[in-house]
Amino acid sequence: MEAEWIVSWLRDNSPATVREIIDALNSNGKEVKPHVIRRALFKSQFVEMIGEKDIDGERHTLWSFTSD
């Protein structure tokens with residue numbers, strides 16, 4: 001259920017970094033659980049890694065919702 005929320009959020013807000021996903025979870029009163037984030041990003045057939053983004057000198061992976 002929690003991973004589904006992340007996938008749904010990505011459907012409306014992608015591309016996004018894990019940092020942005022964590023901010024969204026916090027903003028919506030959801031608990032941040034690393035294993036749930038990992039499951040949503042790596043196990044969902046609707047989420048894929050699409051590249052990287054530089055934020056404050058650090059590289060962050062970009063994740064996107066895909067309907068394929």
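Visitor: What makes the mean positions of the positive and negative charges of the protein chain 5 Å apart?

Guide: In this predicted model, the mean positions of the 9 positive and 12 negative charges are 5 Å apart. Lys and Arg count as positive and Asp and Glu as negative, with His and the chain ends not counted. Each charge is placed at NZ of Lys, CZ of Arg, CG of Asp or CD of Glu. Local features need pLDDT of at least 70, side-chain atom pairs count only at pLDDT 80 or more, and totals for chains, interfaces and linings use all residues. Residues are numbered from 1 along each chain as its sequence is written, and side-chain values use heavy atoms, without hydrogens and water.

Visitor: Which helices and strands does the chain have, and in what pattern?

Guide: There are 3 helices and 2 strands, in the order α-α-α-β-β along the sequence. Helices are DSSP runs of H or I with at least four residues, and strands are runs of E with at least two.

Visitor: Why is the protein chain called as compact as a globular protein of that length?

Guide: Its radius of gyration is 11 Å, close to the 11 Å that the globule rule gives for 68 residues, so the description applies. The radius is taken over C-alpha atoms, and the rule is 2.2 Å times the number of residues to the power 0.38.

Visitor: What makes β1 and β2 a pair?

Guide: Pairing requires that DSSP find at least two bridges between two strands. Here 8 bridges join β1 (residues 47–55) to β2 (residues 58–65), and the strands run antiparallel. One of the bridges links K53 with H60 in β2. The two strands form a hairpin with 2 residues between them.
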